[in-house]
Amino acid sequence: MITTMERIDSHQHFWNYDPDRQNWMTEEMGILKKDYGPQELAVLLEECQVQGSVAVQASQTECENEFLLGLAEKNELIKGIVGWVDLQSKSVSDRLSYYSTGKKIKGFRHVIHDEPDVDFMLRPAFLHGIKALRYFDYTYDLLISPIHLTNTLQLARQFPDQPFIIDHIAKPKIRDKEISGWKKQLAAIASLQNVCCKISGMVTEAAWHNWNPEDFIPYMDSIVELFGTKRILYGSDWPVCTLSASYAETYEIVKSYFDKFSGDEQDDFFGRNANRFYHL
């Protein structure tokens, strides 16, 4: 069990770079086209006094699950895993049952924002897979863009007992300072108590390496206003964040912001909420 004093990075990735597996990396993402492993992350976590992490899938294959499970067996800093299964498969319950025999995989996600079909998450086969998650007590990470918020509301309402969490505050266009429409749609979702939100991924939605800490304050203000301090989690999105900022810079943005909050609220955001949501 995670103690109240331990800080947890609820969203980071590992990979042994393979251009076929990491085919989402564009030419401008050259810094990501190498191996990233727990040893490198351990140094960064220690520098920021963060004690553990949740490793999130970066490739949509079940081989990714085995890769992350193998890393978790050898690295205590990995407190949980968000993996991938084909939720549209007729055998999804069998696959979820297979993973339920272990303890490290806490939930699953799909890269919804890359699907050509904006209504992907409302497909009957996908909904069948979401329904199966609850039986095995798995969480679901929503990797979405603002265009998916209307459907996200419908999905979360349809499964009120399923724990959902929005990754990267739903990726608003911070570089364009777009906030009003994003916040209005997010407000309806935040009213549902089965939905949490990760304050993560912000630096890559800003102008890469050309942002100011103040750029993120209106977005963090909005998330805290909408979700409160019991349903928000800290996440670095390392190493993807390095497209725009170092781990330390990414961490400092949220640390400085939350310094004005009470110690109890900071413990919730930086660790306890991750423990509650993912059952670390």
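Start by selecting Trp24, Val111, His113, Asp114 and Leu143: among the 26 residues that line the largest pocket, these lie nearest its centre. A pocket here is an open set of points on a 1 Å grid over the protein atoms alone, where a 1.4 Å probe fits, with protein on both sides within 12 Å along at least five of seven lines; lining residues have an atom within 4 Å of a point. This is a predicted model, where local features need pLDDT of at least 70 and side-chain atom pairs pLDDT 80 or more, while totals for chains, interfaces and linings use all residues. Residues are numbered from 1 along each chain as its sequence is written, and side-chain values use heavy atoms, without hydrogens and water.

Next, select Ser100, Lys103, Phe136, Tyr138 and His279, which are among the residues lining the second largest pocket.

Now go to Ser53, in strand E2 (residues 52-56); strands are DSSP runs of E, at least two residues, numbered from the N terminus. Is Ser53 buried or exposed? Ser53 is buried because its relative accessibility is 0%, where buried means under 20% and exposed over 50% relative accessible area, with a 1.4 Å probe and protein chains only. Show Gln12 too: its side chain makes a polar contact of 2.8 Å with that of Ser53 (N or O atoms within 3.5 Å, one able to donate a hydrogen and the other to accept it; residues adjacent in sequence count only if both atoms are side-chain atoms).

Finish at Lys74, which is exposed, with a relative accessible area of 73%.

Key:
Helix = DSSP H or I, 4+ residues; strand = E, 2+ residues; numbered from the N terminus.
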